[in-house]
Amino acid sequence: MMQRRTLLKRLAGLLMGAMGAVLATPAVLYLLDPLRRLRGKQPGVPALPVARLDQLPDLDRGEAPLRQSVVARDVRDAWTRFPEVRQGSVWVYRRGDQVFCLSTVCPHAGCSVDYDEQQRRFVCPCHRSTFSLDGKRQDGPSPRDMDSLEVQVRQGQVFCRYQRFRLATASKEAI
Amino acid sequence: MARGWTRRWLDWLESRTGYRALVHAALEERIRGGASPAYVFGSVLTFILLNQIVTGILLAAYYAPSATTAWASVAYIQDQVWLGWFVRGMHSAGASMMVLTLLLHLVQVTVYGAYRAPREVNWLTGLLLAAVVMAFALTGYLLPWDQKGYWATQVATTLLGATPLVGRTLQTLVQGGPVYGNLTLTHFFALHVFVLPATLILLLVVHIALFRRHGVTPKWGRSDEELERTADTFWPRQLFYDLVAMGVMLAFMVAWVIKTHGAELGAPADPASAFDARPEWYFLPLYQLLKYFPGALEVVAALGAPLIAGGVLVALPFLDRAATTHPRARRLPLALVLGGLAGATGLGLMAKVEDARNETYQKNVQAAHQEAQRARALALQGVLPQGGTAVYLNDPLEGGRLLFKEHCAGCHRLGPLGPVADKDVRGPDLTRFASRSWLEAFLRDPNSPAFFGRTRVKGMKPVQATEEELRALVEWAYSLSDPPDVDRSLAARGRQLFEEKDCDLCHELDGQTEGEGPMLPGLATRGWLVRLLKEPASPLFFGDKSEMPSFANKLTERELEQVAAFVAAQRDAK
């Protein structure tokens, strides 16, 4: 009789374990799905169109830079596909043959950097950091130059790889 | 040994909580007359409830209740999340098994006479639990926001709205407005995942506590002395029976879910469509009953039948005045419950049989299934933020049509699209573009207002040829987009005529040489159209006389593909 009770106990334990495993295994895999989705995907930064080359102001000829928003197309967020998602803004312009594309995000505290037409330089309205026409740091608390973005010109169209960078550090690190 | 360490830790826990008394009380429950497989249903129900809670929480981790996101998120769970189909399938199968086991539980309790004094309150809480389970089923059915959930649930809320006096107000409150929308989903979601579970668990606690107070109702015909002598504890034998029953249930559910690849997900809810809705199997008897009560009587039946059934069940313990629990002494209560169940089963089967014989319904089911497959395949690309039926815009023909309307129909006519006034037309009419009839009309008069007559691209002369030659040229031009029904020999003759008629002086065939007219290889294929959309003024196409703008930077690659697919499909349009 005792033996039978022990057998029942063992079997009961086995059954509970098996049923728990049947329920828990798919549950865990299901919850790990976002990790699986990430695997094998290079999180590359896409080049996005910001302006036409012939529209670009030339700062060397006294023109003011263009402030453009960078819009990503066909962005997936789980089940939704957004036709357009605003990523951020850039200052885009030429100096002679060289095309510039600077993030409007101030490297100091993340405010939006303005262009001062009188002084012909970039100024952050929050803490008065100033930058040259090339985006080089001049005065104020900004720890580094304005963040320049990689530019491509294809078929008369200017593309830039929009990225955000760590704030308040001397070095420019993408995040 | 590790056992010593575990034991020390458990002793510590015992001294701080006294948990062993609780476990003891749970497992050492006394069962008069001993364990029996007849007692497993309550435990199986609790087990299915556990399954519903686990899978329900998992589903909630990927589900978004709103009219714009519900369907897309469920399609995402069903077709993209790792084992999402399984988790959703287990939740759906669990719902069905819950109702089924509930009925078995009801039958067991009725046959054994377990509803009788002193267990009336326990019986009543059981009935309330059953009502809560049905409310779960009803609210859960709508959440995927697919066609069947949307339309089947409309029936329920419409009937609610027909309740005398308060109906309209109730319906508006439940729906969150006069028609289904975001608030209907958030309301149903709140009910399904917060209100009903809380109610269920509360009732279940009372139900189990009362059960423990009164104990099991042993099978009739055994003396008190015998019951005492054969008494056993819950652990281990009854628990073992319970576990085996749970295991069988789980195995069946898993097999069922794998076989059916989880629960069906229909096409997204579309208020504009016609849909032949049917409720889940457990509501079929009521559905069938409604067929027999025309017009105003329908409401009476819909509300009356469940009320009468519920009333009988509530009254059961008070009707049963028999001296023993022997079934022969309790003919009326047994006849009421079992007869009612048999009647309901009969009605449900009739509904099934009638549907099986109904050819129109079968066709509708088939069509709905195909529509669902199409919608779900398109949803793999992600659904636009409008959600639901916007999934069809992923179809290049549908998305392309909208893009054409927006970007091309300012100049080009195509079927009902395009400028109304002739003077606004500034490009060829693309209705049935590159079909044999279009090509023939074009070759006869390329400079007609329907083609290049209203553009600066004028230079091609009408083809001078006999009817037979014209047919051959048309067939050859038609063959360039590689349709399935080309007359090869006729096309070959056309190819010959292409050179004889000096067409090759302007139209290049290698896809590289720049000629006066557009290149013809791949004419009207998607690739050709995408290239044309990108650089219409290229020497390969219309050169600098072209007034058509380049769409290279206006549309994305995906959009260009969609427009091209839409225009290319004109060839085979009816």
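How much space lies in the largest cavity? About 60 Å³. This is a predicted model, where local features need pLDDT of at least 70, side-chain atom pairs count only at pLDDT 80 or more, and totals for chains, interfaces and linings use all residues. Residues are numbered from 1 along each chain as written, chains are lettered from A in the order written, and side-chain values use heavy atoms, without hydrogens and water.

**Stop 1: the cavity**

A cavity is a set of points on a 1 Å grid over the protein atoms alone where a 1.4 Å probe fits but cannot get out; lining residues have an atom within 4 Å of a point. The structure holds 1 cavity of 30 Å³ or more. Select its lining: V22(A), L23(A), P26(A) and A27(A) from chain A, then N51(B), V54(B), T55(B), L58(B), F86(B), V87(B) and M90(B) from chain B. At least two lining residues come from each of α1 (2-31) of chain A, α3 (40-60) of chain B and α5 (84-112) of chain B. The lining has 9 nonpolar residues, 2 polar and no charged.

**Stop 2: helix α17 of chain B**

Now select residues 436-444 of chain B, helix α17. Here W438(B), L439(B), F442(B) and L443(B) are buried (under 20% relative accessible area, 1.4 Å probe, protein chains only). They sit on the same side of α17(B), because they cover an arc of only 125 degrees around the axis. Show α18 (467-479) of chain B too: the buried residues of α17(B) pack against it.

**Stop 3: confidence**

Colour chain B by pLDDT, the predictor's confidence in each residue from 0 to 100. The chain B average is 93.

Conventions. 1 Å grid on protein atoms, 1.4 Å probe; cavity = no way out; pocket = protein on both sides within 12 Å on 5 of 7 lines; lining within 4 Å. Points joined across faces, edges and corners; volume = space filled by probe spheres on them. Helix = DSSP H or I, 4+ residues; strand = E, 2+ residues; numbered from the N terminus. Nonpolar A, V, L, I, M, F, W, Y, C, P; charged D, E, K, R; others polar. Buried < 20%, exposed > 50% of the residue type's maximum accessible area, 1.4 Å probe, protein only. Arc of directions from axis to C-beta. Contact = heavy atoms within 4.5 Å.
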